[in-house]
Amino acid sequence: MNGKIEIIIRPLAFILLATILCGIIFEIAGFSAILMFNSILDGAFLGSRSLEKSLRWALPLFITAVGVGISFRCGFFNIGAQGQFYMGSVCAVYVTEYMSGANAVIVIPLGMIAGMTGGALWSLWPGYLKLRYGVDEVITTLMSNFIAGLILVYVTSGPLKDQSGSGQQASTKILPSEFRISDASGVSLTIILITISVGITGWLIINRTSFGTLSSLAGRNPTMLKYQGGKIWQLGLVSFIISGMLAGLSGSIELFGPSGRVVSGFLPTHGFTAILVALVASYAVIGTAFSALFFGGLFSAALFLPIFTGLPTSAIDLFNAIIALLITARITLGKKFLRNRWSHSHD
Amino acid sequence: MIEFHEFLVAILRSGTPLIYAALAGVIVHRSGVWHLGLEGIMIIGACVTIIGIVLTNSFIVAILSAIIICIIVSILQWFVIEKLKANQIIVGLGITGIGIGGTAFAVESIFGSLAAISAPFGIPRVGDTFGPYSGLSILVFIMPFAVLSLWVLLLRSRFGLRLAAAGEHPFAARSVGANPSIMRLIAFCVGGLFCALAGAELAAGSLQIFAQNMVAGRGFMGFAAVIFGGGHPVGSAFAAMFFSIVSVVGIRMQIHLGNFVSHDLLLCLPYIVTVLGIWIAARAKGRTNSASQPSELRDQ
């Protein structure tokens, strides 16, 4: 029981700490921190229709974060969620382009499958390099993000460019309304159902399959895994594929849902925020739902920050980064103090 | 021949920030930590240099404040990794986020908009005596000496040996009276200095401009150069130079092949070569993956 309470209290404490640190920074920069946090709370959760707006950002974050959690749980720092998200949307947009005459009932599922495949393939090559050759996945997935970003720029400004656009932002054509699964609000029954089924599947995979048990063992103690007879390359490859698939799915939902098109460089912080969501939730699915709602709310509030408080949107990026800086810290003040005293006598 | 000089100037311009970043990565790498915060600290260095020049009109003040702030952020990173025992990869990403978000925040709260800031002047140039290279900043010419002095410091000095011991076998370092934790602190401080120079060169070396997110992965590429170069200062500097040659060749190819291949895809070249470089390093060494914690924790 104690551990369970700690899992809930720890992230809350870090978020509080980050809030205080950010508040100090904002006050130094000459903004009113109280006003700012008030308006964030209002914009994210308390204001009218604000919960719906938060959900619009929370749903894709949740899907990506479940995947990130599965690969982190297995001990692989697959930080390429951003690139997999982009590749998912790019693959899905190609399906809609080549099947524009077909029925929506065929095109939308096919587009999502294409998106999942694209994301999975984009996560597969760093995974393969890692498991076959020992190439560190942190650098390869980081580089894969940059490459995917450039591929997205290429697709949206080259082959699939919307010629009628104003030229301000390169993007593909807006999908016809029968290909959309939600309006611009981004919250519809279909998307919620997909998200819930992803959540349930993720929970089952983690808690009710041998893959889930062995992969969390792999993350915590690879030596133990070896003696348990688990195959790290199998587990690793599957976890890379699942995390890429989910990021790609979330990219294709972004296309069929709220955006309706693929814009060059859209949602540039999605991957990083999804990693944060997973870390704050300690990779548990139910926790991920809450932390996705929290970060989705922050994001939706950030869009209105400049209007109400004059505070730039980047304030939220700073806040998120401070949480990232602290979230993996092992601060247990009482124990640390004790341990230090003990270890000194052993030194 | 003139074309060759132009080519070399372009390589030196794009390569110097990368090499400074790689040097910062090397010294921290040898102390046993993976420095993934290079990107963030570099962009802070770039931002502070340009804002400093704009606000104080003095290059010396600007570069000194950039160095001081970069060292402070490096110490913060050291503190969270070493004292709070946080995961160094996530902390590195967090520092990167703080760099990107924090500079955007600073620019917006000082100047009121996110538009690129341009400074009236940049790092002093070497002057006409150098012929075709007169447009290069002095930091480009300091760079070989920086590589050399880091080589002496890391491989030919008592400090360097102790630092390597702190990274590879902290127990051995402790047995000769060196505190691995303090060694890492020093490494992070020197790293902060080099990151500040990298950022300053990137922003004020030729363009004299600071734009949002202008580092664009160069910090991570510098880090990849560290791995490619096997953590050796000279090797990593050559690796960084190689990455910048590839990116310059990519830009040249845009001019000649622009009609056949999209230039966005040619821009991918340095990233692809980075992946290949890491792959080669992994083949040569067996593996390049990190322990997720400083080796301090492994030997207990």
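How many residues does the contact take from chain A and from chain B? This predicted model is shown in the close-ups below.

**View 1. The contact between chain A and chain B.** The contact takes 38 residues from chain A. Chain B supplies 44 residues. On the side of chain A that touches chain B, the elements giving two or more residues are α5 (104-133), α6 (137-157), α11 (270-280) and α13 (314-327) of chain A. α13(A) gives the most, with 11 residues. By class, this side of chain A has 28 nonpolar residues, 7 polar and 3 charged.

**View 2. Ser210(A) in helix α8 of chain A.** Helix α8 of chain A covers residues 210-220, and Ser210(A) is found in this helix. Is Ser210(A) buried or exposed? Ser210(A) counts as exposed because 9 other C-beta atoms lie within 10 Å, and the cut-off for exposed is 12 or fewer. Gly271(A) is 61 residues apart from Ser210(A) along the chain. The C-alpha atoms of Ser210(A) and Gly271(A) are separated by 28 Å.

**View 3. Helix α5 of chain B.** This helix spans residues 138-155 and has 18 residues. From first C-alpha to last, α5(B) reaches 26 Å, close to the 26 Å expected at 1.5 Å a residue. Where does α5(B) bend? The bend is at Pro144(B), by about 30 degrees.

**View 4. The buried residues of α5(B).** Leu139(B), Val140(B) and Met143(B) are buried in α5(B). What covers the buried residues of α5(B) includes α1 (2-30) and α6 (158-168) of chain B. The cover also includes α8 (180-204) and α10 (233-257) of chain B.

Key. Residues are numbered from 1 along each chain as its sequence is written. Chains are lettered from A and ligands numbered from 1 in the order in which they are written. This is a predicted model: local features need pLDDT of at least 70, side-chain atom pairs count only at pLDDT 80 or more; totals for chains, interfaces and linings use all residues. Two residues are in contact if their C-beta atoms, placed from the backbone, lie within 7 Å. Helices (H or I, at least four residues) and strands (E, at least two) are DSSP runs, numbered from the N terminus. Ala, Val, Leu, Ile, Met, Phe, Trp, Tyr, Cys and Pro count as nonpolar, Asp, Glu, Lys and Arg as charged, and the others, Gly among them, as polar. A residue is buried if 20 or more other C-beta atoms lie within 10 Å of its own, exposed if 12 or fewer, and partly exposed in between; C-beta atoms are placed from the backbone. The expected span of a helix is 1.5 Å times one less than its number of residues. The bend at a residue is the angle between axes fitted to the seven residues ending there and the seven starting there.
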